[in-house]
Amino acid sequence: MDRLKTLARLMIVSDLDHTMVDHHDSENLSLLRFNALWESNYRHDSLLVFSTGRSPVLYKKLREEKPLLTPDITIMSVGTEITYGNLMVPDDGWVEILNQKWDRSIVIEESKKFPELTLQAETELRPHKVSFYVEKDKAQAVSKALMERFEKHGLDVKIIYSGGMDLDILPQGAGKGQALAYLLKKFKTEGKLPNNTLVCGDSGNDAELFSIPEVYGVMVSNAQEELLKWHAENAKNNPKIIHATERCAAGIIQAIGHFGLGPNTSPRDVIDFLDCKLENVNPGHEVVKFYLFYERWRRAEVENFEPYLASLKAACDPSGVHIEPTGSEHSLCDGIDGMRSIYGDKQGKQFRVWIDRVLPTQISSNTWLVKLNKWELSGEERKCCKTTVIISSKDAAVPSDGFTWMHVHQTWSEEETNLKDHSSSIIVV
């Protein structure tokens, strides 16, 4: 929550399904590329906002299924719910706005009179959102008839059709676009309007995001017909909105580069970390780079690895200590040597590592305390370690990205559901 009190360099507002998350990408590679880019270059001074049609229940289910980062702000249920931080603290001011000229019971009662509509699951019926399924060729006529009935009751509502099947009924003041406009107004009032905002979407319920003045926008390459049609009719000549040539999260990365909003080379796109030189070295990039190397190491994707091990050991303080989640301790240098025994043990298997919530705090002129969540997926099993790293900057003439690792302390996260005691604890790096 403290991060919301500072002015953001960049705010990305992204839909989830088929935008940030590619359900046709079983390896989640484009999402993992975005994750590495965000945590290494943006997390410390920018804001990540997920804007989804999903209810809180289905949103949390998606987080269990996909390697999603923790957003700073979550907009759910097609813009009818706004929450902040990892604890998802609700915005009460937004609730008050949506209560105006809204009666959920009347909306449900009138909608049930249309046999063309099929009520969605109970989890999708929210205080300010009622959702149905309807066939594409009947959506327009049903929407028009519904609006006439609601107006007779004195309700001020809107109907959004998206995904070729979903029909959502919301208060007139709700929606993804209005929720974003509310946030931007709130930030502006507090003098913390982000320097740049990029909105990202693929379907009809994302159209409102692109209607907000002064924002950049990207329709991912797999955007649906309804959004492309809206763009052709309403924003065809707007140079701040592009139709990416890349799918989903890869399209978001493409847009960051296209608009010059900041770095757009993901650490996952770097082949040789020894030759990876950055103009602005930062602690976030340092930890992301190491754990990505750790993934590649166990997948046997590191060739001629002796120079890498030498570089890693040179980046460790000789007296540095690593405290494992099990409580055991060993020197950082011993931990690097111990990696030899696990080289390629995940070769040909489903194994990925990603870092979330990288939060560096400078504790002296050249030293940072970096907190992060390190996630590991092996087959169907997911593990999470809360990790604290202390690193200090080195002289510019010394290699290894300019940092020395002083201390690493890991504990099992509360999100960890499988607390098995791994006998080879030295590999939990």
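## Questions and answers

Colleague: Is Cys248 buried or exposed?
Modeller: Buried means under 20% relative accessible area, exposed over 50%, and partly exposed in between (1.4 Å probe, protein chains only). Cys248 has a relative accessibility of 0%, so Cys248 counts as buried.

Colleague: What kind of model is this?
Modeller: Residues are numbered from 1 along each chain as its sequence is written, and side-chain values use heavy atoms, leaving out hydrogens and water. Local features need pLDDT of at least 70, side-chain atom pairs count only at pLDDT 80 or more, and totals for chains, interfaces and linings use all residues, as this is a predicted model.

Colleague: Where is Glu214 found?
Modeller: Glu214 is not a glycine, yet has a positive phi of about 75°. Glu214 is exposed, with a relative accessible area of 66%. Helices (H or I, at least four residues) and strands (E, at least two) are DSSP runs numbered from the N terminus. By that numbering, Glu214 is found in the loop between helix 7 (207-210) and strand 11 (216-219).

Colleague: How wide is the arc covered by the buried residues of helix 2?
Modeller: The buried residues of helix 2 (residues 56-65) are Pro56, Tyr59, Leu62 and Arg63. They are on the same side of helix 2, because the arc they cover around the axis is only 120°. The arc is that of the directions from the helix axis to the C-beta atoms. So the value you asked for is 120°.

Colleague: How far is the backbone oxygen of Ser77 from a polar atom of the side chain of Thr80?
Modeller: Thr80 lies in the loop between strand 3 and strand 4, and is buried, with a relative accessible area of 3%. Contact means heavy atoms within 4.5 Å; Thr80 touches residues including Trp94 and Leu170. From a polar atom of the side chain of Thr80 to the backbone oxygen of Ser77, the distance is 2.8 Å.

Notes: A polar contact is a pair of N or O atoms within 3.5 Å; within protein, one must be able to donate a hydrogen and the other to accept it, and residues adjacent in sequence count only if both atoms are side-chain atoms. Lists of a residue's contacts leave out its neighbours within four places in sequence.
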